[in-house]
Every structure is written in C-alpha cells, then in structure tokens.
Amino acid sequence: MTHADVESSVEDILKEAECEYARVSFSRGSCFDIIARSPEGLILIRTLTNVENMTKEQADELKKIGKVLSARILVVGRKNIQGEMADDVVYFRFGLPVITPTTLRNLLVERIPIYAFTAPGGIYVNIDGEVLRRARREMGLSLGNIAQHLGVTRRAAKMYEEGGGMLLEAALNLEELLGVPLIKPIDLQGRTSYEVTQEGAERGGDFCIRLSELGFEVTPTKRAPFDAISSQGLYLFFAGEGADSTTTKRKALVMGSIRRIVKRDSVIFVPGRVRRTSLYGTTLISTEELGRMREWEELLELLRDRSSEEDEKF
C-alpha cells in the first residue's frame, strides 16, 4: 500500500463518516495532510505508509498546532519498525497515537471503541481503578491478594487501582477473577493536551513580529500549510507570507480549505500593492498595509471586510 493509497483510504473513511475534511499538504515534509471536523471536533491527520518516517520535528510541530486549535491528532499508517501494524490497537510515535485505516474506520464509522495499546513489553489496556477497588473489597480481597494472583508486586497492584496500564492478558485474568468488566476504552475522540515549547514571534517572519507588536498572540509554525496562527482574545486566524504570485496562489488555496473546516479566517501578507482582496477564501493584505497599522483593531476590521468580499481571479 502506497502513501497515496493510505491517504485515499482515509478520505473515503471521512466521507463515509460524514465528516467535513480537506487535503491540506502544502509541501513534502508537512506535519499533517488532512484536516477534518467530526461531531467531536477538529482532527489533524498525518498519513504515512511507514510511520517510522515521521520525524520528531514533525511530531512536535503537530502537537503545537493541535494544542492551539484544541484539535485531536491521529497518525494513520500501515507499517512500523516491526512490520504490518495490527488493527484495533493504538501504537505511538513520539507520543502521538498511531492507528491503521481499518482502526480509523471502526472508530469514526462503526463507532467501535479501541481498548488496546502497545508499550514496551506487549499489548496493554487501561483499567478502571475505581471498579477494581470496589470489586476486590466486595470479595474481601486485599491488594496483596490481587498482587499474588497476578504474580506482581503490591506496588504494581496499587498502580492498577490508580488507573495505570496493564498487560491485556493480566487484565482479562483479573476480570475473570472478579467477575466484572475492568478494561476502559482509549479516548481517541477527546482532545489531548500536549506539552509543547512556546516559541516567540521572532522565530517567524517579519509579519509575525509586526503582529506581535500590534498586540496579537503569535505562534509561528514550520512544516505546515500556514506560517503562523495568531489570535487576539477569542478571535483566531491563520497567517502566511506570499513571496511571489505562484506561492501565494498555492498557499491561498490550501489555507482557504483550512478556513472552511476550522471556521476561522486566513490571511496572506504579500509584498507590493494588493491587486486582489481575497483568493480562494483567503484574505490578501500587503506588508505595507500591515506596517501602517497602529492598533490590532485595524487589522481585524480589514480582515472582516475583505473575508466577506467575493474572490476574484488571481
């Protein structure tokens, strides 16, 4: 299965799940390929044939963007370093969840929960520690009894009651002993908060510095279809820099697709005089116009005005 096959499979699944989505990869090495909106919220998806090809830099960038957008992240592929990946099991790459296309379909279309994940030593599951504690107490069992039954230390048994991961075989053994379901599904539908390093506006282009001077929060991005995510209060927008007409056109097309899914404005700052106010739904503002602004309200007003205007041929 090629990368194109994986990407096509993901798109088919999103269609079947009736999710809004857009293919948004702008260049090779982009940290995500598809952005989608399901009933649970935004999803950033990275598609690969072999997930080992995802670099730490791409993963860190994806975590940063996911945190700013409050989006969940899924890496979808077929192989890892050990070969073909199993369905209905969550793998991890630099802390990001990795699943197969079949698992994605089960999750989004069939709405089948996923219970198992990989970690050093085998396949694990998460245990409902409160149910475990209540069940063992009702049976008159101590933590020592549980530890002895499983062949682990008392400390390990205590960790299980605190919600720690447990080998699948041991969890099934414990469920049989206590006569209650203990295994919890993995929450891949919820938003995950990742620890990320906050970078200053100076790490982006000149327009990032200017936005920061006007009072905007600016998150520069690399290996993404846009160059920064900027915000002022609840107002958030995607920003890019257009060095020439070809780059501007390509970037505006992709950023316009993201705007449609995320429901947030997008803008490209271009050198020289602006001959068009918007392109593919993306607002165009000249760097000279940005330089003349003195208050952040001026930019928001211009964004609102131009984003409502009809696109013209570039």
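These questions and answers walk through one predicted protein model.

Reader: What sort of model is this, and from which number are residues counted along each chain?
Author: The model is predicted: local features need pLDDT of at least 70, side-chain atom pairs count only at pLDDT 80 or more, and totals for chains, interfaces and linings use all residues. Side-chain values use heavy atoms, with hydrogens and water left out, and residues along each chain, as its sequence is written, are numbered from 1.

Reader: How many helices and strands are in the protein chain?
Author: Helices (H or I, at least four residues) and strands (E, at least two) are DSSP runs, numbered from the N terminus. The C-alpha trace spans about 80 × 40 × 30 Å along its principal axes. The count for the protein chain is 11 helices and 18 strands.

Reader: What percentage of the residues in the protein chain is buried?
Author: Buried means under 20% relative accessible area, exposed over 50%, and partly exposed in between (1.4 Å probe, protein chains only). The chain has 314 residues. The buried share is 50%.

Reader: Among contacts between residues at least 6 apart in sequence, what percentage joins residues at least 24 apart?
Author: A contact means heavy atoms within 4.5 Å. Of the contacts in the protein chain between residues at least 6 apart, the share that joins residues at least 24 apart is 60%.

Reader: Is Ser286 buried or exposed, and which residues does Ser286 touch?
Author: Ser286 is found in strand β18, residues 282-286. Its relative accessible area is 4%, so Ser286 is buried. Leaving out residues up to four places away in sequence, Ser286 touches Val270, Gly272 and Val274.

Reader: How many salt bridges does a search of the whole structure find?
Author: Side chains of opposite charge can pair when their charged atoms come close. A salt bridge is a side-chain nitrogen of Lys or Arg within 4 Å of a carboxyl oxygen of Asp or Glu. The search finds 21.

Reader: Which parts does the salt bridge of Arg23 and Glu7 tie together?
Author: The side chains of Arg23 and Glu7 meet at 3.3 Å, N to O. Arg23 lies in strand β1 (residues 20-23) and Glu7 in helix α1 (residues 3-16), so the pair ties together parts 16 residues apart in sequence. Arg23 is partly exposed at 45% relative accessibility, while Glu7 is buried at 7%. The parts are strand β1 and helix α1.

Reader: At what N to O distance do Arg23 and Glu11 meet?
Author: Glu11 is buried, with a relative accessible area of 12%. Its side chain meets that of Arg23 in a salt bridge, N to O, at 2.0 Å.

Reader: Which residues do salt bridges that share partners join into one network?
Author: Arg133 forms a salt bridge with Glu161, with the closest N and O atoms 3.3 Å apart. Arg133 lies in helix α4 (residues 129-138) and Glu161 in helix α6 (residues 154-161), so the pair ties together parts 28 residues apart in sequence. Glu161 counts as buried at 8% relative accessibility. The network joins Glu130, Arg133, Arg136 and Glu161.
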